[in-house]
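Dear colleague,

I am handing over the structure below, and my notes on it follow directly after.

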Amino acid sequence: MSGGVDSSVAAALLAEQGHDVIGLSMQLYDQRGTETFGTCCTLDDLYDARRVADAIGIPHYILNFERQFQDTVISNFVREYAAGRTPLPCAHCNSDLKFATLLDRARGLGAERVATGHYARVEQSPDGRWLLRRSADPDKDQSYFLFSLTQDQLARASFPVGALKKTEVRAQARRLGLKVAEKPDSQEICFVPDGDYAAFVARKEPAVARAGAIVDTGGRVLASHEGVHRFTVGQRKGLGVSGPSPLYVLKIEAESGQVTVGPRAALDQTMLTASGVNWVSIEAPSGSMPVSAQIRHRHRPAAGRVRALDAGRAEFVFDTPQPAITPGQAVVFYDRDLVVGGGWID
Amino acid sequence: MQRIYFDHNATTPVLPPVVDAMAAALREEFGNPSSVHHFGQRAKAVIDQARSSVAALIGADPSEVVFTSGGTEGDNFAIRGTAEALGPSGRRHLIGTTIEHEAVLNTLKALGKRGWEITLLPVGETGIVSPDALKAALRDDTALVSVMHANNEIGTIQPIAELARLARERGAHFHTDAVQTAGKIPIDVKALGLDLLSISAHKFYGPKGVGAIWIRRGLRLLPNVTGGKQERNRRAGTENVAGIAGMGAAAELARAKMAEESARVAPLRDRLEAGILKAVHGTLVNGAVSARVPNTTNISFDRIEAESLLIALDLEGIAVSTGSACSSGTLEPSHVLKAMGFPAHRTQNSIRFSLGASSTAADVDRVIAVLPGIVDKLRNLTRTPVRA
């Protein structure tokens, strides 16, 4: 229970259906310091969660996961930026914290499942396999952030608002008399509330602030920069270089510190490989398989063919070139609303 | 669900006679104790009566007792009041211990940031401060030594008579936070040779929001709360008459029942402790067992996160606690167990059981009966076990 409307309604609906519900909130970073608090799970949000739990008559506890959050999500976030990649912390939080440590704790308390306010649907196929589907609300769908859940994790997951649209969730909150019914959605990555990822990474890992060169595709130095963590593939703003036409980040090489920029057209790629691939609706396919692939949160999936490689890797070839395939982000393979699988873009 | 409350060191239920005394004060004694007229006099009489009762609980003269808003205010008053009174004469060194309550620790820290020098005395794994450590720390410019009477987490009783003697020999004030001993064990401020002692009503079946500080007659201490002339000019603000009436009633009851209650609760605590050690493998008692308040035991559970065990017990209707809670209500590693030199995991796998007036042998036996199952389940399902 983050204190937001989605997890509040999720808990309230389950309680209303007669389930034995325990409310759990996670404290993910130190709340005492003078640092700006995050946008989610701040003291105000924990207060909201507590008030909602009281209103629906369930016990509520706050778990201190500061250390685990640091060890799993934040350290990965920093490491990825330092390696010139663009991390996806929410997906790691889901598979490495919420449906890992939190799930274990919940099971220790006797819980059968962990329910969250995610917009996605989980169901079991007749052959027993657990399936993950997109939410009923395409604008709010969060299945992209859940692709790395294993069968064991999905078997213990429940997404009570996944079959609802956001407007319906708010209507349910009003019907249930929850004070958070009109609370705005959280937007930013929760532990970087000001959205300045580069500054956050540099605070955590000062060594990343190592100067490097911005070069064009011919290797010509255009400018210098103050660290690869400040860049993302596809980025146009804040490069400090100008040309006759807009320039975009094409490639980030952490070791040499070199950032390659070029025109918009040079961003287009047809092929990607991914690591840490998790096959959700099927076992790893033996041949090449037609699916569509989503390569970032707001990306409209594009058609192509996926092929499993060894060592948990996969290769995807798009039917039409896609701009800004960004290492560190997830590629999630869909068959209509069904999550076939996904992995981390190399 | 039949609930068991084993968290009396956090707070205690208000006893019915205390509620009656408070209700009577609220209903009938609305006067301002500072008023000259009849109504004021009646309210003043309620406070005077309570002051005598509180004084009797700690072997003090009533004129030396000042009512506060609780233990934290008393600790602040003793420390800041001494620092301000003696600082100008050059005494700018303050001594505490590493196992003090936050009310003392954070007040010392705050003064440390404002130029006072702070020394925190170490404790060994017994959780008891050694007089030699104090002797070594005392200086000519030491203004105050503050050592808690008994620790809230592990219950160990400190040798405060000896510590106080050492402090006063060097001209320093000696304060003790007696929040965890008042009502549990006899206190005689004169025999202990103290200068300052703070207590809180809600730890001995009184209401929250009221406490008292005992200030030895003649001691130099500047007030913390300034304003009107209440409490002999030592603590301004219109008195919390009903709260004070409740504290007085609670002090009376505590004094009358202390010996009997202590003799009843200590064997229950021992039974609980022995029962847990026997029924749950991988358990250890934290702190010296030879010098403890009668109601407290603190036990480490190997390969357990205290946070989970606390929640699991609560879901079974058993209320216990760990060290300190942070602002959100989550648990932090115990600074007390850390100060005792225990490794990190042992500061996060400990549960405090603190018994009290409502505790029965049946409660104890139920806790002993359900604990092994809960602990086994947690140990089996924890992916990242915490080793003891």
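In this predicted model, α9(B) passes α12(B) in a right-handed crossing, a crossing being right-handed if the near helix is turned clockwise from the far one by less than a right angle, and left-handed if anticlockwise. The two helices, residues 241-279 and residues 361-381 of chain B, pack at an angle of about 15 degrees with their axes 9 Å apart, which makes α9(B) roughly parallel to α12(B) (angles under 35 degrees count as roughly parallel; axes are lines fitted to C-alpha atoms over the stretch in contact, and angles run from 0 to 180 degrees between N-to-C directions). On the α9(B) side, B:L268, B:R271, B:L272, B:G275, B:I276 and B:A279 meet B:A361, B:V364, B:V367, B:I368, B:L371 and B:P372 in α12(B), where contact requires C-beta atoms, placed from the backbone, to lie within 7 Å. The residues of this contact divide into ten nonpolar, one polar and one charged, with Gly counted as polar and Arg as charged.

Turning to chain A, there are seven helices and 16 strands, taken as DSSP runs (H or I, at least four residues; E, at least two). Among its contacts between residues at least 6 apart in sequence, 64% join residues at least 24 apart, and buried residues (20 or more other C-beta atoms within 10 Å of their own) make up 46% of the 346 residues.

Residues are numbered from 1 along each chain as its sequence is written, and chains are lettered from A and ligands numbered from 1 in the order in which they are written. Local features need pLDDT of at least 70 and side-chain atom pairs count only at pLDDT 80 or more, whereas totals for chains, interfaces and linings use all residues.

Best regards

Technical notes:
Parallel < 35°, antiparallel > 145°, perpendicular 65-115°, else oblique. Contact = placed C-beta atoms within 7 Å. Buried ≥ 20, exposed ≤ 12 C-beta atoms within 10 Å, placed from the backbone.
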